[in-house]
Amino acid sequence: MIFSENKTPLSSVLKLLTGLFVISAFMLIQQNSASAASTCNWLSTVDSDWENTANWDCMAVPTSTTIVIIPATTTTVLGATSLAGTLTVGAGATITASTYALTVASTLANSGVVTSTTGTLTFTGAATNNAGGIIASNTGNMMFGSTLANAGTLDVGTGVATTTGSLTNTGTVYGRTGKLAMVADYSGAGAFTAGTGTVTFYGGANQAIRGVTFYNLETRKSAGTVTVNTANMVVGGVFDTYDAGTLDAAALNFSVTGATTIRPGATVTSTSGTLTFTGAATSTGSIGSVSGNMLFGSTLSNNGTLDVGSGTATSTGTLTNAGTVYGRTGKLALVANYTGSGFTAGTGTVTLYGTAAQSIRGVTFYNLEVRKASNTATIATANAAVGGTLNTYGAGKLDLVAQTLTVTGASTIGSGTTVTSTSGDLTFAGVTNVGSLGTVSGNQIMTSMTNSGTWELGAESTSTGVVTNTGTLYLRSNTLHVGGNWTDSSGTLTPGTGTIEINGTGAQSISADDTMYDLTINKTAGTATLTGNVTTTDNLTITNGTLDIDSYTFSVGGDYSNDDTLDGGTGTVKFNGTGAQSIGTEANFYALTISKTAGTATMVGHVSTTNMTVTDGTLAVADKILYVSGTYDNADTVSLTTGKIKSAAEQIAFVNSSGVEQTSYTTPSNVYLQIEDQNQNLLAGTAETMTVTFSGNAISGSDSDTITLTETGIATGIFRSAAIPFITSPVIHANNDEWEVSNSGVGTESFTDSQDSSDTGTDTVTLVYSAATVGGTGGGGGGGSVAPVTATYQSSQSDPNRAANLTNLATKGLSVNSLVKLPDDGKLDTQEDSAVYYIGTDGKRHAFPNSKVYFTWYASFDGVTVISADSLASVPLGSNARYRPGVRMIKFTTDPKVYAVDAHGVLNWVKTEEVANSLYGDTWNTKIDDMSDAFFGNYTFGTEISSSASFNPTSLLNTITSVSTDYGW
């Protein structure tokens, strides 16, 4: 409640003043009607006594109905309680109430000085204090029962000044040490000199208050809202609230320098304005903002409601919460401790800030950030949960100690920061760790982990999804269960004596260059596949599921045990420990290598392998059977007791690029030759080559070549040629790495084993000649068609500079199938910097003639790399890139025919609109590009297309996937 200096409640003052109004009215009844209706002008002819009738021209003391006029520069002094109906005080005139009460029943117009020492000044009607006017009291009270328009000076003194109507201040208000109680609005840009007094907002109605600088401020509203408008509001002393009212800063700022107390039922809020509480704040009411910020510069004790809204609420001191904190969508920044429960996270963020140590009670956050420049935020008292994301920044630390942390969303542990616990379990969804994550004895559970910082396992830990390590992982003596892919191609794994268990239920990959201690495959379903070389210094154990070596090397330093399935792929399992090793039951490898500087590897079950190599050490077959279907290369010792070694066979075939056998080819296309000969695979770690002869089409003069075949993978024993262009040609050239035919016939592939002359083989295939159709004669300005030209293929194998070209690409940091261009030279009159080049598998650059050609291969320019002019010039210029087959049709400017683009730059005439529609749909006419005759030489001409059955654009899109494929390199 509001008190005057003698601690009398303001409500009592209001009642007293109301009583005075009743008494005054009663006194007026006692006076005669002539006096009640009179106008009295102050004459001051005798003295300055208000009660002396001789000083009034009406010859009577004014009553509550008297119109009283105090002329300018005159002086009157009250000697008793005095009344007036309306009161007009002229400039320079003075009314001194002293210790007596002055009550004006109606309006006041003051241009002089109306003052009291301890007396009460009551102005029941509208009051106007003009410029130069002064209304003041030393210790007495003042009551303005209606509006107050102050253009002069209102001096509160040490008493209570109450305005029940609006106060418009264009002059000066002095708060002094007293109290100014406002029941209605306050406006005006006049000066408010707070002193050390108190301003109280009172009543049950809404109020609009212009923001000024108060000293102490109270709200004692039974209902309604005090809205700050026009300017920011500052409280230099304390701020206290009572009852059920609301202080709303709206879009302006409200700041308190001293202590703040928000009592039950009271509310302090804003829409977008900032609320600042520099001193200690205690709330049993409600503090909140819709979208503005809040700053608590000292401690905050919240026993009510703190509503963060969508802005940022910062507490630089301890936040003690025995009430409710609503996070909403905003941010709660804690620089010191947080205690208590009752936290409703919403979808907002809590940030732990600053450089000091913090103790934070575990609650359920939504998003949690740690942005500490130093020191530790410790989760104490209770477990913590994060429903959204956890992110850490800076050089601070989040320590769970013995509490658990559960994060539902993604977690990012930033560089320099640490998340740790002693015995508390850490449970995450996806984790990206650039800083430090670890436990002393607590478990870690996550759905995935990407670690480029430091990760330390203090107990058994689980990732149900992918684990990617490019940082440092300390496994200690613990087990890490991995349910997704394991990738550790560039990180540091310090395995200790720990175990990595691959235990997902679907497909999993195990990446390159890992050195583990123990690896266990324990999958109830699915296959774990190596995507790089892997080493265990101790055991490899398959308890459940399948381990696929693929084409990589798995080095085992201990024992190998397999109770389910090992798929050797085309890879190698190498036993390279320095002591005794056992090779478990029913092992099935692709390539088995024994490379031991000491000790013996002993088979405890039958072993099947495509290739077997002993480089160092001893393989003890004992009484088992070693099945070798391919190469058997022993450079050290294989010991047998009653065991046996059995081996294998060869095959020759015409195939496609995937190794599927083919029975016929049609020009133009690519041919692949394949030989399976395990005797040719002498080195398990090398992809070797062999030569084979093919010939074909004796009807028109047989073409023949000797072709080099390359092993399809390390130790596969399968050798396959690169693409051999199969083309129509009127002239046959032997040994040019092309298969040229001029008529249909039969092709033959022949092979004789260089190590065994009795080992021979052949295969045949049907060759179908596809002659070009001449559409007429050229010339005549557009009446005829362009004459076909003979196809010219450049085999990448026959290019003597190909190897040097590819080496040059590597030295320039360029790769085949990439896109490059020059940097923008900033000149509008040059075009060289806009040309885009494709780097082919022939080691040359191939220009796209225009953007139309480019966009048949690519959807955007996002993949284009800018390189220097020197780098570009160092790459030889090759033929232009052509339209991608199957995407669009073209026509030349001097030829009316429309052509579909086939593989290898062959143009086939689309004979009718109906055919075009069947091939490219109803919008076929929008899929035709005009081609300049300048690019005529990039293409050759094939057959006409008279039906959709003879041309398949979709098939071409699936098979011709790059410019190199189109050229047959």
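Trainee: Which cysteine does Cys 40 join in a disulfide?

Mentor: Keep in mind that this is a predicted model. A search of the whole structure turns up 1 disulfide. Its S to S distance is 1.8 Å, inside the 2.5 Å cut-off for calling a disulfide. The cysteine joined to Cys 40 is Cys 58.

Trainee: How many residues apart are Cys 40 and Cys 58?

Mentor: Cys 40 sits in strand S1, residues 39-41. Cys 58 lies in the loop between S1 and strand S2, which covers 67-70. The pair links distant parts of the chain, and the separation is 18 residues.

Trainee: What is the handedness of the link between Cys 40 and Cys 58?

Mentor: Look at the angle about the S-S bond, which comes to 100°. With that angle, the link of Cys 40 and Cys 58 is right-handed.

Trainee: Is Cys 40 buried or exposed?

Mentor: Buried means under 20% relative accessible area. Cys 40 has 1% relative accessibility, so this residue counts as buried.

Trainee: What is the bridge partner of Val 820 in S98?

Mentor: Strand S95, residues 819-821, runs parallel to S98, and 3 bridges join them. In S98, Val 820 is partnered by Thr 865.

Trainee: How many bridges does S71 form with strand S73?

Mentor: S71 spans residues 518-530 and is joined in parallel to S68 (499-502) by 4 bridges, with Glu 501 opposite Thr 520. S73 covers residues 540-548 and also pairs with S71 in the parallel sense. Leu 519 stands opposite Leu 540 in S73. The number of bridges between S71 and S73 is 7.

Trainee: Which residue in S71 is the bridge partner of Ser 509?

Mentor: Strand S69, residues 508-510, runs parallel to S71, with 3 bridges joining the two. Ser 509 has as its partner in S71 Thr 529.

Notes: Residues numbered from 1 in each chain as written. Predicted model: local features only at pLDDT ≥ 70, side-chain atom pairs only at ≥ 80, totals over all residues. Heavy atoms only, no water. Pairing = 2+ DSSP bridges. Buried < 20%, exposed > 50% of the residue type's maximum accessible area, 1.4 Å probe, protein only.
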